[in-house]
Amino acid sequence: MTTGLWIILDHVVALLSIAAWFAAGVTLALRRIRLAPAVLVAAVLVTLVRVGTVAMLAGRGWWFVQEKVLLGLPMLGAAGAVAVLLAGPQLLAVRRGRAAGGSARGVVSVFTAGYSALAGLVVTFLVGYPLTLSAALITISLVCAGALLTARVIAPPAENTADAGVAQAPEGRRAISRRRFLGWTGGAVAVTAAGAGTGLSFLPAESVTRGGGPGRSSRTAVSVADLRGSGSPAPGGIVRRQVLTAKKATVRLPSGREIDAWTYDGEVPGPAITATQGDLVEVRLRNADIEDGLTLHWHGYDVPCGEDGAPGVTQLAVAPGEEFVYRFRADQVGTYWYHTHHASHIGVRKGLYGTLVVEPRDGQRADEPSAAERVDLTLPVHTFDGVVLIAGRDDRTEHPAPPGAPVRLRLINTDSDPHRIVLAGTPFRISAVDGRDLNQPGEVSDVGLRLPAGGRFDLVFVMPDTVVALVVDDDLVGGLRLRPPGDTSGAARIEDTSDLPELDLLRYGAPAAVPFDPRKADRHFTMVLDRGVAMVDGRPAYAHTVNGRGHPSIPDQLVTEGDIVRFTVVNRSLETHPWHLHGHPVLILSRDGTPSTGSPLWVDTFDVRPGETWKVAFRATNPGIWMNHCHNLPHAHQGGMMLRLRYDGVTTPFGGSHGGSPGHGH
Ligand code: C2O
Ligand code: CU
């Protein structure tokens, strides 16, 4: 069973235990003497099952259970034990006819167990990992307050009740004063804990983590504004100049449907940017009328930091009427894309994206067919108002391909959710992932591929003399068909693709040497992804959190140039988080403790599914301040799941926190 399923099961058992304890309280309060013992026993049993589910989860990692082990279970265990000790004997006595009914003490204690169970689950949902002392104290105080209030309702002070006669008897008076004493102490505990907890929550939080490496050195500071791209192409290369004008436009899709888009140059996707290795790419971004402002971010391309397009960090967002020139040398070959990084959960979705493909300079061998005989298609997959566009087309795309032609399909997921890709009608290889070639990728067929948000796959094969179908999200109607000229077979005979097993890229291709030893990491950062209450851009929100916090209050990760850096990314939440670091590809080391055994896998986005733990490593060779975030763009930009990786000594004049609000391009 996956950790994700254990998380869900644990939530279900937690809910059951809450229900059982409250049911026990109610039956006891109503003096349902037959039912009450059974329900109480059920509550105890469910609580024991809960111990089991938490123990199972603990086996998957401390991150998954910390708040349960340190607070939830001990609180419930203590309250439950008291409840059994107080209510149990009473129930037995009643059953044997030796007493008339449960006392108030028993009822209150059983309800208190219910509050504890409830509080434990609430802490999991609102706080998660890491549990803070402040949260623990506030929770305990709330449970105490609940217990006191219940006592007040169930056993009001005797002088206010009809049976005030009891208060006249000496034992009655003693009982009442003891109850008052307990009430006052309980109240005092609750108030002190609440006060201390609230006070602690205002302590200033850390703003930097060092991942076990040394702190700031006395290096001379360099500004990201000075980390700009080279002014000239490599020998043999040319300068590729392009102007992209961002503007709103109504775009007519092939089906005739019109969409109101935000575009680069009036097109969705924006103009394809292509280069040959070593060329200098120079793109002048002009903003005509995107009021919010925008940037260009070169997704997966390790440009110098000043060209990275992260507003508020590497530049200001480009406001209407303004421009910004991006310049970098295309040294990396492969399939990439560009998109705005300003409020990108809106901008990218509305169309501010395009493709970037860099071809090798000496890639063409003598025995290779000329460009004319090759089929090379760049296929960004984008969802616009619920309609999937493949390379900007919303209809089924037909493309001629002569039998024997080498074919390369460059798939790019420009959405915030993963897409499932199936290639039917031919065996094929995944020659590159996120632009980087794999080592000895084997031939596969009848498999499904999961393309994470932001990710790219290059699929290659030799065109057969029959139709080949690219199926996205198991939709047999849409997609792309490659058809040999003259073929009239109509639709290919494609069967349902939804049952095809998913290919695991961690076991695909052959191992090869990597340029550093990931075991010798200089720094190690753990990012635990969850949901919880946190500040996002200065406002409290039910955020997508990293280590319990939201952007921009997640501590910066500090590295030094040359460091080998390891990330452990843990997903405690029930949603997938495609993790994306700017400026560096990361090498996948393991998933859920199982090492990657295939080709070295260098990616810029990896899908961390619910309950998963990924370990990756990279070498810090590109100085700057880099965004490090979830590429489910609403998670990052609205939810706050975004932080910075900062090289020692690099500063920014642009504010330092990734811009989310419009209009600071001045
Ligand atoms: Cu493709 Cu920070 O993004
Ligand atoms: Cu996410």
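These legends describe close-up views of a predicted model.

**View 1. A copper ion sits among three side-chain donors.** The copper ion (ligand 2) is coordinated by His-577 through ND1, Cys-630 through SG and His-635 through ND1. The distance is 2.0 Å. Along the chain, the donors are spaced as H-x52-C-x4-H. Cys-630 is buried, and so is His-635. Buried here stands for under 20% relative accessible area.

**View 2. Strand 26 and strand 32 run antiparallel.** Strand 26 covers residues 577-581, and strand 32 covers residues 625-630. Three bridges join the two strands. Trp-579 stands opposite Cys-630, which belongs to strand 32. Cys-630 is also a copper donor, through its SG atom.

**View 3. Six strands make an open sheet with mixed pairing, in the order 1-24-33-32-26-30.** Strand 1 (208-209) and strand 30 (605-608) stand at the edges. Each has a single partner strand, so one side of each is left without a neighbour in the sheet. Strands of a sheet pair through backbone hydrogen bonds, in either a parallel or an antiparallel sense.

**View 4. Another open sheet has six strands in the order 12-11-14-19-16-17.** Its pairing is mixed. The edge positions belong to strand 12 (387-390) and strand 17 (436-437). Each of these has a single partner strand, so one of its sides lacks a neighbour in the sheet. Within the sheet, strand 16 (residues 429-433) pairs with strand 19 (residues 456-462). The sense is antiparallel, over four bridges. Arg-429 stands opposite Val-460 of strand 19.

View 5. Most residues other than glycine have a negative phi. Gln-440 is exposed, because its relative accessible area is 56% and the cut-off is over 50%.

**View 6. Asn-547 also has a positive phi.** The value is near 50 degrees, again in a residue other than glycine. Asn-547 is found in the loop between strand 23 (539-546) and strand 24 (556-559). At 27% relative accessibility, Asn-547 counts as partly exposed.

**View 7. Tyr-129 and Pro-130 are joined by a cis peptide bond.** Omega is near -5 degrees. Pro-130 is placed in the loop between helix 4 (104-126) and helix 5 (133-154). Most peptide bonds are trans.

**View 8. The bond between Val-268 and Pro-269 is cis.** Omega is about -10 degrees. Pro-269 lies in a loop, with strand 4 (258-264) on one side and strand 5 (273-276) on the other.

**View 9. Seven nonpolar residues form a surface patch of about 610 Å².** The members are Met-1, Leu-5, Ile-8, Leu-9, Val-12, Leu-16 and Leu-574. Leu-16 is placed in helix 1 (residues 3-29). With a relative accessibility of 49%, Leu-16 counts as partly exposed. The value falls in this class because exposed requires over 50%.

How values were computed: Residues are numbered from 1 along each chain as its sequence is written. Chains are lettered from A and ligands numbered from 1 in the order in which they are written. This is a predicted model: local features need pLDDT of at least 70, side-chain atom pairs count only at pLDDT 80 or more; totals for chains, interfaces and linings use all residues. Side-chain values use heavy atoms; hydrogens and water are left out. Patches are made of residues with over 30% relative accessible area and no salt bridge: like charges are joined within 9 Å, nonpolar side chains (Val, Leu, Ile, Met, Phe, Trp, Tyr) within 5 Å. Accessible areas come from the Shrake-Rupley method with a 1.4 Å probe; for residues, only the protein chains shown count as cover. A salt bridge is a side-chain nitrogen of Lys or Arg within 4 Å of a carboxyl oxygen of Asp or Glu. Buried means under 20% relative accessible area, exposed over 50%, partly exposed in between (1.4 Å probe, protein chains only). Two strands pair if DSSP finds at least two bridges between them. Donors are N, O and S atoms within 2.8 Å of the metal (3.2 Å for Na, K and Ca); water is not among the atoms, so sites may look incomplete.
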